[in-house]
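Thanks, everyone. Let me put the structure up, and then we can walk through it.

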Amino acid sequence: MAREDALRCLRCLLYALNLLLWLMSALILGGAAWIRDTLNTVLTLTAHTRLEEAAVLSYSSAVHPVLITVCCFLIIVATVGFCGTLRRDLLLLSWYFCSLLVIFCVELASAVWTYDESSLQRSDMISLKTRMPNYGLQRYQWLTHTWNSFQTQFKCCGVIYFTDWLEMTELEWPPDSCCSNQYPGCARHAHLHDLSELHQQGCGPKIYSFIRGTKQLQALRFLGVSIGVAQILAMALTLMLLWVLHYGRKSPEMDSASPAESAPANE
């Protein structure tokens, strides 16, 4: 009776851990997809500057292909573990344990390999101004689109202030993406009548804050540590479940052998 209670408890805990692994893996994949999209925009604006190197160092651990592949594989492994626990299958549970061990080692090696501190100075933001003169040129439409997307998403204008557009380009007023309420010609209207309609913060500090670490990046790091702890617990519980199931299969054989051995003695 005690063995059945222990078995039931171990199975319930493994069910919960596998569901947790599914959820955390899905959250990591979703967060990595969002960060990768924003990171591509930042890397376009900061190309060939120290900011680009700092951004890569800060976010390589969150969007590295190895870690994303591991999370995808972990969803499959958790499904196998769920099925093995449900069916009490020693082979599936053994494969589940070995897979978790391999995944954990890969995660640990990738985290150590991709970890590095970026030496970033606020003065490096000034280098962004070198990207501004190409805005609006026919052969740099991709850069124009990137500036517009970033200024719209992060609600900023220029590098330090919106006047950077007037200093670094031949524009008479900032792009329309600098407007808090965007419509064709809104920047011209704001520049001539009401400057408060333009975003007052520059994109330089926004990029600096993004590279130093966003809330999404901190959340991914927390999830990464949590998923590692969950894997360790799952491996420990799987070993205990394997032992209980193996012991449970041997016990009936021992019990059935005992009466057979005692029968001749009674005769």
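One term before we start: buried means under 20% relative accessible area, exposed means over 50%, and partly exposed is in between, with a 1.4 Å probe and protein chains only. Tyr 161 shows the middle class: its relative accessible area is 31%, so Tyr 161 is partly exposed.

Now the ground rules. This is a predicted model, where local features need pLDDT of at least 70, side-chain atom pairs count only at pLDDT 80 or more, and totals for chains, interfaces and linings use all residues. Residues are numbered from 1 along each chain as its sequence is written, and side-chain values use heavy atoms, with hydrogens and water left out.

Start with the overall picture. The protein chain has nine helices and zero strands. Along the sequence the pattern reads α-α-α-α-α-α-α-α-α. The chain has 267 residues, and 42% of them are buried. Its accessible surface is about 14,800 Å², with 63% belonging to carbon and sulfur atoms. Areas here come from the Shrake-Rupley method with a 1.4 Å probe, and for residues only the protein chains shown count as cover.

Next, contacts, meaning heavy atoms within 4.5 Å. Take those in the protein chain with a separation of 6 or more: 74% of them join residues 24 or more positions apart. Here is one residue to look at. Thr 41 sits in helix H1, residues 2-45. At 17% relative accessibility, Thr 41 counts as buried. Which residues does Thr 41 contact, leaving aside neighbours within four places in sequence? Thr 146 and Phe 150.

On to the cysteines. A disulfide is a covalent bond between the sulfur atoms of two cysteines. The cut-off here is a pair of cysteine sulfur atoms within 2.5 Å. How many disulfides does that rule give? Three.

First up is Cys 156 with Cys 203, sulfur atoms 2.1 Å apart. This pair links distant parts of the chain, 47 residues apart. Cys 156 is in the loop between helix H5 (141-154) and helix H6 (164-168), while Cys 203 is in helix H8, residues 203-212. The torsion about the S-S bond is about 90°, so this disulfide is right-handed. Cys 156 counts as buried, at 0% relative accessibility. Cys 203 also comes out at 0% and counts as buried.

Then Cys 157 with Cys 178, again a disulfide, with the sulfur atoms 2.1 Å apart. This pair, too, links distant parts of the chain, 21 residues apart. Cys 157 is in the loop between H5 and H6, and Cys 178 is in the loop between H6 and helix H7 (186-192). The link of Cys 157 and Cys 178 has 80° about the S-S bond and is right-handed. Both Cys 157 and Cys 178 are buried.

That leaves Cys 179 with Cys 186, whose sulfur atoms are 2.3 Å apart. Is this one right-handed or left-handed? The torsion about the S-S bond of Cys 179 and Cys 186 is about 105°, so the disulfide is right-handed. Cys 179 is buried at 2% relative accessibility, and Cys 186 is buried at 1%.

Count the bonded cysteines along the chain, and the pattern is 1-6, 2-3, 4-5. Cys 71 is in no disulfide: the nearest cysteine sulfur, that of Cys 72, is 7.1 Å away. Cys 71 is buried, with a relative accessible area of 6%. Cys 105, at 45%, counts as partly exposed.

Last topic, the aromatics. A pair of aromatic rings is described by the distance of the centres and the angle of the planes. Rings of Phe, Tyr and Trp (its six-membered ring) pair if their centres lie within 6.5 Å; planes under 30 degrees apart are stacked, over 60 edge-to-face, and the rest tilted. That gives eight aromatic pairs.

Look at Trp 147 and Trp 165. Their ring centres are 5.1 Å apart and their planes at 75°, so the pair is edge-to-face. Trp 147 is in helix H5 and Trp 165 in helix H6, so to speak two distant parts of the chain, 18 residues apart. Both Trp 147 and Trp 165 are buried.

Back to Tyr 161. With Phe 162, Tyr 161 forms a tilted pair: 4.5 Å centre to centre, 50° between the planes. Phe 162 counts as buried, at 3% relative accessibility. Finally, one aromatic cluster is formed by Tyr 15, Trp 22 and Phe 82.

Methods
Helix = DSSP H or I, 4+ residues; strand = E, 2+ residues; numbered from the N terminus.
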